Amino acid sequence: MTTKIVIAGATGRMGHALLQGVFEDVSFQLYGALGRAGSATVGRDAGEIFGKNTGVYVSDDADEALQDADVLIDFTRPEASLDYLEICQRHQVKHVIGTTGFTVEQKAKIEAASKKIPIVFAPNMRVGVTLLINLVEQAAKVLNDGYDIEVVEMHHRYKVDAPSGTALRLGEAAAKGLEQSLKDCAIYAREGVTGEREAGKIGFATMRGGDVVGDHTVVFAGIGERVEITHKASSRATFAQGALRAAKFLIDKKVGLFDMQDVLGLRPNRHN
């Protein structure tokens with residue numbers, strides 16, 4: 001039995017990577033493709049860019065596209081994702097959310113929705129980044145005295161939020177290793193005479209430019225040595241593969257809020 005997939009933002013760069021992933025996996029059926037209202041791509045076959053005639057046309061009507069679907073995969077903007085989330089609840093459609101830039105209040109809405117439908121919510125769907133998050137937490141537990149932690153990230157010029165969702169997740173992992181809350185120890189900007197660096201803080205540096213898909217490095221800087229843990233992305237295809245893996249993970253779930261650590265089985269004792 002195939003899983004009926006709807007892709008939000010199907011005509012964007014990430015949408016194209018997701019479409020290709022769906023076309024290459026026989027366990028998936030492209031069931032719907034969503035685009036922005038007023039876009040010239042609305043009404044066109046979703047497979048047109050690949051030279052395919054799929055019979056699935058890009059639509060701006062999410063309510064119609066999600067009827068009888070199994071899973072929505074969503075890499076869009078926070079406001080659009082929350083609109084899709086409401087419709088997913090109405091139609092009992094499982095939701096994979098790779099969108100970043102949510103506020104605390106918006107994240108609370110996602111958590112509340114997970115009481116009604118199953119959701120995988122992760123700022124980065126890459127398998128390698130999920131491993132990176134685990135490594136950073138473990139490193140912070142060991143290097144918890146005498147080491148300063150900095151999170152450095154770079155993305156393409158079109159990214160609209162900063163720091164990236166992945167950078168924030170890495171910061172949260174480091175803070176957890178230090179037995180702190182990120183909100184109590186994060187430094188997001190430095191300018192002018194800032195004084196000496198305070199111990200126990202986690203700093204962030206953000207770079208934007210060109211077509212960089214996504215680079216993240218967590219630096220543990222001590223006296224006489226420096227440990228750096230880095231992940232560099234060169235293609236959106238691995239984002240797509242992770243998201244499709246998340247969609248498969250949700251098939252037998254009824255409710256619950258999950259992330260990629262759940263998808264990869266790094267929390268073996270958690271069941272919903």
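**Close-up views of a predicted model**

View A. Helices (H or I, at least four residues) and strands (E, at least two) are DSSP runs numbered from the N terminus. This is a predicted model, in which local features need pLDDT of at least 70 and side-chain atom pairs count only at pLDDT 80 or more, while totals for chains, interfaces and linings use all residues. Residues are numbered from 1 along each chain as its sequence is written, and side-chain values use heavy atoms, with hydrogens and water left out.

View B. In H4 (residues 104–113), Gln106, Ile110 and Ala113 are buried (under 20% relative accessible area; exposed is over 50%, partly exposed in between; 1.4 Å probe, protein chains only). These buried residues fall within an arc of 65° seen down the helix axis, so they line one face of H4; the arc is that of the directions from the helix axis to the C-beta atoms. Exposed Val104 and Glu105 lie on the face turned away from the buried side.

**View C. The largest nonpolar core.** This core, a set of buried Ala, Val, Leu, Ile, Met, Phe, Trp, Tyr and Cys residues joined through side-chain atoms within 4.5 Å, has 34 residues, and Ile73, Val96 and Met125 have the most contacts inside it. Among the elements that each supply at least two of its residues are strand S1 (3–8) and helix H1 (13–23). Helix H8 gives the largest share, eight residues.

**View D. Met125.** Beyond its neighbours within four places in sequence, Met125 is in contact (heavy atoms within 4.5 Å) with residues including Phe75, Val96, Phe239 and Met260.
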